[in-house]
Amino acid sequence: MFKILTPEQIAIVKRIELPISKDFRFRGMGWVSQGFGQNLVDFYKTLGMKGHNGIDFAVPTGTDCFACFDGKVIVSGLDTTAGREVRLESLEFEIEGQKLKLEAVYYHLQQEYVKVGDFVKQGQVIAKTNNTGK
């Protein structure tokens, strides 16, 4: 049986950082251009999805993209739908007796600086942003 955990429960034991510099928020950039679950275009229906399954940040092409937590690179390369991508898997941790791992997916990248199997530290530059993919 799975138990749904709230972001507050996870935050007690796991700190997750933004994948972009906080400086962009102060310069009027780096806002969320499409939030989780939004369906601003019919594209998601063609993929069998109800809505967007991520959070898109509007930043200039070539902006540094950071690891949002310590973890292992499990995918690095080209995705046929979302363009260049990196996926990170966190180290295992426990909340209320439940063992968990988090996965962070970075899509639409210009260039990735990590390869599958690399271990990264939170805040490490792992890629450059772009608008690759659909």
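Q: Over how many bridges do S5 and S8 pair?
A: S5 and S8 run antiparallel to each other, and two strands count as paired if DSSP finds at least two bridges between them. The model is predicted: local features need pLDDT of at least 70 and side-chain atom pairs count only at pLDDT 80 or more, while totals for chains, interfaces and linings use all residues. Residues are numbered from 1 along each chain as its sequence is written; side-chain values use heavy atoms, with hydrogens and water left out. For S5 and S8 the number of bridges is five.

Q: What does the secondary structure of the protein chain come to?
A: Helices (H or I, at least four residues) and strands (E, at least two) are DSSP runs numbered from the N terminus. Along the sequence the pattern reads α-α-β-α-β-β-β-β-β-β-β-β-β. The secondary structure comes to three helices and ten strands.

Q: Which residue in S5 stands opposite glycine 71?
A: S4 (residues 71-79) pairs with S5 in the antiparallel sense over eight bridges. A hairpin of three residues links the two. The residue opposite glycine 71 is serine 90.

Q: Which strands stand at the edges of the sheet?
A: Six strands form an open, antiparallel sheet in the order S3-S10-S8-S5-S4-S9. Each edge strand has a single partner, so one of its sides is left without a neighbour in the sheet. The edge strands are S3 and S9.

Q: Which residue in S10 stands opposite aspartate 64?
A: S10 covers residues 125-129, and three bridges join S10 to S3 in an antiparallel run. Aspartate 64 stands opposite lysine 128.

Q: With which residues is tyrosine 106 in contact, leaving aside its neighbours within four places in sequence?
A: Contact means heavy atoms within 4.5 Å. By that rule, tyrosine 106 touches Pro19, Cys65, Phe66, Ala67, Cys68, Arg84, Glu85, Val86, Leu88 and Ile126.

Q: Is histidine 108 buried or exposed?
A: Most residues other than glycine have a negative phi. Buried means under 20% relative accessible area, exposed over 50% and partly exposed in between (1.4 Å probe, protein chains only). At a relative accessible area of 17%, histidine 108 is buried.

Q: How far from a polar atom of the side chain of threonine 63 does the backbone oxygen of proline 60 lie?
A: Threonine 63 sits in the loop between S2 (56-57) and S3 (64-66), and is buried with a relative accessible area of 7%. A polar contact is a pair of N or O atoms within 3.5 Å; within protein, one must be able to donate a hydrogen and the other to accept it, and residues adjacent in sequence count only if both atoms are side-chain atoms. For proline 60 and threonine 63 the distance is 2.6 Å.

Q: What percentage of the 134 residues in the protein chain is buried?
A: Among contacts with a separation of 6 or more, residues 24 or more positions apart account for 57%. The buried part of the 134 residues is 34%.
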